[in-house]
Amino acid sequence: MHIPDGFLSLPVSLILYAVVFVFWVLAFRKSRKVIGEKHVPFLAVLAAAIFGAQMLNFSLIGIGGTSGHLLGAVLAAVIFGPYGALIIMTLVLVIQALFFADGGIVVFGANVFNMGIIGAFTGYYIYLLLKKVMKKNIAIPVFISAWLSVVVASFVCSLLLALSGTVSLGRAIIAMVPIHAVIGIGEGIITLGVILFIKKTRPDLLELEKISPGGEAR
Amino acid sequence: MKAIYKYSLLFLIASMLIVSLLLPIASEHPDGLERVAENLGFIERAEELYTASPMPDYSAFGIEGYLGSFISEAAGMALVLGLGLGIGHLAMRKSKNAS
């Protein structure tokens, strides 16, 4: 869902740069409370892994000639919280934009907003809510929140396109949301697979919020 | 302390291996947004304002096929990792001084 330059108007692009900047400042303040120094390597590794995974486009069943790929926002948020996920998604998006021409430069703020903020925050809070309801089960909350993060991001992407006068809101939503509801299934499966793997191998990484800053635990 | 570094390294190697193995079967079809832009006729609005990227479309320096994708993958993951380690340490070190 990387928006190229030209799809969004300049005012929309600039406002989103400003919004994202505020969130970046917040992210650096807040993520310190969750992420200790010793978790920095895993944060960077997870960002690198998400970059790699985003290169793996999968064909969509039932929608010919179209593919999707992982976003990774919920995967990152389940481990590092929404602000940590924003940092991770920003890392991935900045390298993609600068070195691979994937996602525009003027619209870079919009891409961070859409995938790093909307994707991570809506996904994360839905995950927390479902986790509370489901008690011990994390599989269903992970899958649903990952799926939803893609659908909501596609909805917001439609909104941004409409605000920019690129296409009418109704046409954008009708086209964007159903395709991303299918892409989201892939997001759910991959996110769930990785989270279950981490739960099995390093369950403490799923409980970072319980570790005090500085990270004395283990 | 040591265990998390070792785990991170193994996680990195495993993800590189998995991505490298799956790259040949990755779909070349346009993604959801591109498909919609084509269908609704606003794909031609896309502009290349920034042309300095060395590996556009994940074809490293014009190398086609698997080798180009593989170099892109390795370079991209290394760049993200390096930037992440740099920014992460900068942010977390400050917090230590502050507290």
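This is a predicted model: local features need pLDDT of at least 70, side-chain atom pairs count only at pLDDT 80 or more; totals for chains, interfaces and linings use all residues.
The predictor assigns the complex an ipTM of 0.93 and a pTM of 0.94. For chain B, the mean pLDDT is 89. A pLDDT of 70 or more is reached by 91% of its residues.

Chain B contains three helices and zero strands. Its elements follow the order α-α-α from the N terminus. The radius of gyration of chain B is 19 Å, whereas a compact globule of 99 residues would have one near 13 Å. Along the principal axes, the C-alpha atoms of chain B occupy a box of roughly 55 × 35 × 25 Å. Of the 99 residues in chain B, 25% are classed as buried.

The contact between the chains draws 57 residues from chain A and 52 residues from chain B. On the side of chain A that touches chain B, two or more residues each come from helix 1 (10-34), helix 2 (40-54), helix 3 (73-100), helix 5 (139-163) and helix 6 (169-201) of chain A, and also from strand 1 (58-59) and strand 2 (67-68) of chain A. Helix 2 of chain A supplies the largest share of this side, with twelve residues. By residue class, the side of chain A that touches chain B comprises 36 nonpolar, 15 polar and six charged residues.

Terms used. Residues are numbered from 1 along each chain as its sequence is written. Chains are lettered from A and ligands numbered from 1 in the order in which they are written. Two residues are in contact if their C-beta atoms, placed from the backbone, lie within 7 Å. Helices (H or I, at least four residues) and strands (E, at least two) are DSSP runs, numbered from the N terminus. Ala, Val, Leu, Ile, Met, Phe, Trp, Tyr, Cys and Pro count as nonpolar, Asp, Glu, Lys and Arg as charged, and the others, Gly among them, as polar. The radius of gyration is taken over C-alpha atoms; the globule rule is 2.2 Å times the number of residues to the power 0.38. A residue is buried if 20 or more other C-beta atoms lie within 10 Å of its own, exposed if 12 or fewer, and partly exposed in between; C-beta atoms are placed from the backbone. pLDDT is the predictor's confidence in each residue, from 0 to 100.
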